[in-house]
Amino acid sequence: MSTFDFLRASPGVVALVCLLLGLMVGSFLNVVVHRLPVMLRRDWRAQSAEILGEWAEENDAPAALKEVASGLKQLAQPAARYNLVVPGSACPACGRAIRAWENIPVVSYLALGGRCAGCKARISLRYPVVEAFTALVSGYVGWRFGFTPAALGALIFAWALIAASWIDLDTQLLPDDITLPLIWVGLLFNIWGTFTTLESAVIGSVAGYLSLWSVYWVFKLATGKEGMGFGDFKLLAAIGAFLGWKMLPAVILLSSLVGAAVGIALIVLARHGRQVPIPFGPYLAAAGLIALFWGESINRAYLDYL
């Protein structure tokens with residue numbers, strides 16, 4: 001029996017491999033969640049400074065304004081390389097470089113007692129939570145889909161949703177760097193009908209975007225306020241590209257119910273101001289994962305009820 005045949009016949013082994021892989025990916029997702037928004041803000045500042053400088057030159061602006069534009073451009077240039085790889089991980093409190101044995105997902109957090117080995121500053125519980133959650137979801141993907149292309153697609157889908165959700169919780173941004181590639185990946189996987197037909201995936205992507213886009217404009221015209229961000233449109237488009245248009249009603253309903261319940265709970269229990277925006281991306285992502293695993297059953301139950 002070849003290795004491929006063994007893996008196809010052993011969903012438990014595939015689940016274990018995916019779980020361990022999920023631990024490692026979860027550790028990397030923590031880096032993405034922390035660094036990607038910083039990288040985007042630096043890039044936006046650099047672009048803004050460059051545009052201002054070009055405008056000042058083209059419109060023969062006063063020397064003082066040109067000097068300001070030049071200064072902003074210099075400030076926008078990073079002092080050192082900063083991306084998802086460089087510099088190495090370090091304690092945010094004391095700057096001490098994190099050693100390899102201190103960076104083992106979940107295990108290192110428990111071994112260190114949740115504190116930096118150098119300054120003893122408390123390490124956020126988020127890091128092991130993201131790692132453990134990514135591992136559990138990845139393990140279930142391996143168990144559910146086995147050693148198939150669908151498992152690879154589902155892993156990419158789940159990892160992207162987890163990263164996007166945490167970034168949205170932190171910054172209320174859903175980066176195009178995650179949502180747009182996810183749309184194309186979903187369409188590519190469905191060329192071979194991995195999760196749905198290509199026709200359903202294309203329609204799902206378009207319908208996912210336009211459905212929330214329509215809600216956005218209806219709400220804005222009625223109230224004069226923006227009810228959600230454009231990143232939400234793109235995230236639902238990505239979910240539609242992966243799962244097809246038939247899953248969109250369930251995703252929208254589930255995310256709206258959970259979002260409404262959490263929002264009301266925050267207002268009542270945590271005294272969360274009604275004017276304070278609540279990110280919608282995590283609820284879309286949670287509904288997308290539910291639809292990935294149990295969407296067919298939910299749709300059948302819904303249709304049977306009707």
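Student: Which residues in H6 meet which residues in H9?

Tutor: The model is a predicted one. On the H6 side the residues are Gly153, Phe157, Leu161 and Asp168, and they meet Asp232, Leu235, Ala238, Ile239, Phe242 and Leu243 in H9. By class, this contact of H6 with H9 comprises seven nonpolar residues, one polar residue and two charged residues. The axes of the two helices, H6 and H9, come within 12 Å and cross at roughly 165°. An angle over 145 degrees counts as roughly antiparallel, so H6 is roughly antiparallel to H9. The crossing of H6 and H9 is left-handed.

H9 also packs against H8: helix H8 (residues 198-223) and helix H9 (residues 230-243) lie at an angle of about 155°, with their axes 7 Å apart. H8 and H9 are therefore roughly antiparallel to each other as well, but their crossing is right-handed. Among the residues making this contact are Gly204, Gly208 and Trp213 of H8 and Phe233, Ala237 and Gly240 of H9. The contact of H8 with H9 divides into ten nonpolar, six polar and two charged residues.

Leaving aside residues up to four places away in sequence, Phe157 touches Leu182, Ala238, Ile239, Phe242, Leu243, Gly288 and Leu292.

Notes
Residues are numbered from 1 along each chain as its sequence is written. This is a predicted model: local features need pLDDT of at least 70, side-chain atom pairs count only at pLDDT 80 or more; totals for chains, interfaces and linings use all residues. Side-chain values use heavy atoms; hydrogens and water are left out. Axes are lines fitted to C-alpha atoms, for helices over the stretch in contact, and angles run from 0 to 180 degrees between N-to-C directions. Helices (H or I, at least four residues) and strands (E, at least two) are DSSP runs, numbered from the N terminus. Angles under 35 degrees count as roughly parallel, over 145 as roughly antiparallel, 65 to 115 as roughly perpendicular and the rest as oblique. A crossing is left-handed if the near helix is turned anticlockwise from the far one by less than a right angle, and right-handed if clockwise. Contact means heavy atoms within 4.5 Å. Ala, Val, Leu, Ile, Met, Phe, Trp, Tyr, Cys and Pro count as nonpolar, Asp, Glu, Lys and Arg as charged, and the others, Gly among them, as polar.
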